[in-house]
Amino acid sequence: MLLEGNSWKFGDNVDTDVIIPARYLNTSDPAELARHCMEDADPEFPGKVRAGDIIVGGNNFGCGSSREHAPLAIKGAGVSCVIARTFARIFYRNAFNIGLPILECPAAVAGIKTGDRVTVDAAAGRIKNLTTGAEFEAKPIPPFMQEIIAAGGLIEHVRGKVKNSE
Amino acid sequence: MGMTITEKILARRAGRDRVTPGELISCRVDAVLGNDITAPLAIREFSKIGVGRVFDPDRVILVPDHFVPNKDIKSAEQAKIMREFARAQNLTNYFEVGRMGIEHCLLPEQGLVGPGDVVIGADSHTCTYGAVGAFATGVGSTDLAAAMALGETWFKVPETIRFVYEGEPPEWVGGKDLILYTIGDIGVEGALYQAMEFTGPAIANLSMDGRFTMANMAVEAGAKNGIVPPDERTLEYVRGRAQRPYEVFQRDPDAAYARSVTYDVSKIEPQVAFPHSPDNTRPVTEAGHVDIDQVVIGSCTNGRLEDLRLAGRVLERRRVHRNVRLIVFPGTQAIYRRAMDEGLLATFITAGAAVSTPTCGPCLGGYMGVLARGERAVATTNRNFVGRMGHPESEVYLTNPAVAAASAILGRIAHPGEVI
Ligand code: SF4
């Protein structure tokens, strides 16, 4: 599936408190979380982001807490994919588990500015900046993670496992 | 080639002779943990799997600590989901208000984690249990849900970085300073995806409470887990509490490390992490004049008895500065009770502090001490990200409990030597 949207660029070490501040963690409803997504970095972000848009971060994206509310808020806001140089490990797991595509690609991070129109083929790891014409190759997604994505998230994957063992 | 302690534990629980860094493995878990923020989401996902019962009602541990006693109606609803699930599943280890504590202080204290265990928790500071020689790491709610159903989870085996602490620490330098110094040195992604093994004579001499503080903050360097090789001190702590048999693992002499870093702790001063990152550290003597509005002493990093004693030593017969609110929140009911018996609570209250029931509240800007725009806090907690304790334009400075107490007295960031 080809994802397409405008990109929003952030810096290094975007932490989970910025993605979704703890003051909003008294709910786990993605739509409600989405209303405050990234607001401590850019208060207007929740109002400006459009379905399909792509977040581009630097190093260690999603560091900090284990709150799955962070990828849920991003997904709830309509963001179709996150590209970063590196991801913090719990965020990395969580994103796959809930079905938010994420790609590690330093070259794309360097070659995409806020507002650029970008397409992403997550399974193949191909990223294209339509504004500049540049193309990038992301680090391949490990086969096990691809299984989770193919199943539609970790819960579906586990469901399949439980059924087969019955 | 030999294995590190982390690799040995993972190999055992994966039912294998050996594992190597980078491999994806499936592991049995000895315990899984959720709290009132992460468990409701996990429970929702768990119900979609269709197994009905959790894999073991003794090993699924639920602790309401973040927003309890509940701060508002929404958080009360979340806590209720968790409480009802605990009842329906007949969980042995659900800890109600009045009997609870901050999860990472509570689990080791209650003997629910031991050497050689593999523990996952839907909370990033689950890495704290590395202090007893367990492999413990944070995951999200969906991973928790899957593990509640299966009793197993998958890991990528991490490489290990070995940290060797040599020498004797100066007065007022403890586990918090060693770990802040380390994070300041390697950075918040200095150990990304890796294990941090804390060793050396200074660790051998460090109290269990100090070791918990160090392992707690491993995630602040991006690490998957922090671990202290178990020794006599560990076993002394674990004996008499352990609710399950445990197994002590040590590294092989020829274990392979990603790298090894040595620090001379005699040269380390009490540290302060400036806003807005735990790696933005400097010695307290180089902090300059920083006026403060609030001090919080507690949390899963520094809310244990030794931490309260240290703060008490500084606050004894002194008073909190008129411009400062000091909030003390002990880690568990047992610590709270001990602090009362030892007269520490009296010391805090006489000094002009507010003393809270155990809760995460102030640490994550939840409630019980949220900061207004422009306010500054000194905190013994582990994160000082933008907005961590309240308004996005507030600031948090991380220190050890003695520095926090001295700062509360002087109304600015201060070295304990300035008041004692
Ligand atoms: S005390 Fe703070 S860091 Fe520790 S578990 Fe609670 S919120 Fe998290």
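Colleague: What makes B:Glu342 and B:Arg309 a salt bridge?

Modeller: This is a predicted model, and in it the closest N and O atoms of B:Glu342 and B:Arg309 are 2.7 Å apart; the rule asks for a side-chain nitrogen of Lys or Arg within 4 Å of a carboxyl oxygen of Asp or Glu, so the pair counts as a salt bridge. B:Glu342 sits in the loop between α12 (333-341) and α13 (344-351) of chain B while B:Arg309 belongs to helix α11, so the bridge ties together parts that are 33 residues apart in sequence.

Colleague: Why are B:Glu342 and B:Arg309 called partly exposed?

Modeller: The relative accessibility of B:Glu342 is 35% and that of B:Arg309 is 39%; buried means under 20% and exposed means over 50%, with partly exposed in between, so B:Glu342 receives the intermediate label, and B:Arg309 receives it as well.

Colleague: How do you know that B:Asp307 is buried or exposed?

Modeller: With a relative accessible area of 3%, B:Asp307 falls under the 20% limit and is therefore buried. This residue lies in helix α11 (residues 305-315) of chain B, and, leaving aside neighbours within four places in sequence, B:Asp307 is in contact with B:Thr301, B:Asn302 and B:Pro401. A polar atom of the B:Asp307 side chain also lies 3.3 Å from the backbone nitrogen of B:Gly303.

Colleague: What makes B:Arg317 stand out in its backbone, and is the residue buried or exposed?

Modeller: Phi of B:Arg317 is near 60°, a positive value in a residue other than glycine. Most residues other than glycine have a negative phi. B:Arg317 is placed in the loop between α11 and β14 (325-329) of chain B, and its relative accessible area of 79% is over 50%, so the residue is called exposed. In chain A, A:Asn13 likewise has a positive phi, near 55°, and its place is the loop between β1 (2-9) and α1 (16-19); at 25% relative accessibility A:Asn13 counts as partly exposed.

Colleague: Which peptide bonds are cis, and how do you know?

Modeller: The bond joining B:Val68 and B:Pro69 is cis, with omega of about -10°, and the bond from B:Pro275 to B:His276 is cis with omega near -5°. B:Pro69 is found in the loop between β3 (60-63) and α3 (73-88) of chain B, whereas B:His276 is in the loop between β11 (271-273) and β12 (281-283).

Colleague: What makes A:Arg23 and A:Asp40 a salt bridge?

Modeller: Their closest N and O atoms are 2.8 Å apart, which is within the 4 Å limit, so the pair qualifies. A:Arg23 lies in the loop between α1 and α2 (30-34) of chain A and A:Asp40 in the loop between α2 and α3 (45-48), so the bridge ties together parts that are 17 residues apart in sequence. A:Asp40, with 14% relative accessible area, is buried, while A:Arg23, at 25%, counts as partly exposed.

Colleague: Which contacts make up the interface of chain B and chain A?

Modeller: The contact takes 46 residues from chain B and 42 residues from chain A, and the two chains bury about 3,800 Å² between them, 57% of it on carbon and sulfur atoms. On the side of chain B, B:Thr142, B:Trp154 and B:Tyr193 lose the most area to chain A, together 17% of what that side buries. Across the interface the rule finds four salt bridges and 22 residue pairs in polar contact. A salt bridge at 2.5 Å, N to O, joins the side chains of A:Glu32 and B:Lys74. The element that gives the most to the side of chain B that touches chain A is α5(B), with six residues.

Colleague: How do you know that the radius of gyration of chain B agrees with a compact globule?

Modeller: For 420 residues a compact globule would have a radius of gyration near 22 Å, and chain B has 20 Å, so the two agree. The C-alpha trace of chain B spans about 55 × 50 × 40 Å along its principal axes, and 65% of its 420 residues count as buried.

How values were computed. Residues numbered from 1 in each chain as written. Chains lettered and ligands numbered in written order. Predicted model: local features only at pLDDT ≥ 70, side-chain atom pairs only at ≥ 80, totals over all residues. Heavy atoms only, no water. Helix = DSSP H or I, 4+ residues; strand = E, 2+ residues; numbered from the N terminus. Buried < 20%, exposed > 50% of the residue type's maximum accessible area, 1.4 Å probe, protein only. Contact = heavy atoms within 4.5 Å. Polar contact = N/O pair within 3.5 Å; in protein donor to acceptor, adjacent residues only side chain to side chain. Buried area = accessible area lost by both parts, 1.4 Å probe. Rg over C-alpha atoms; globule rule 2.2 N^0.38 Å.
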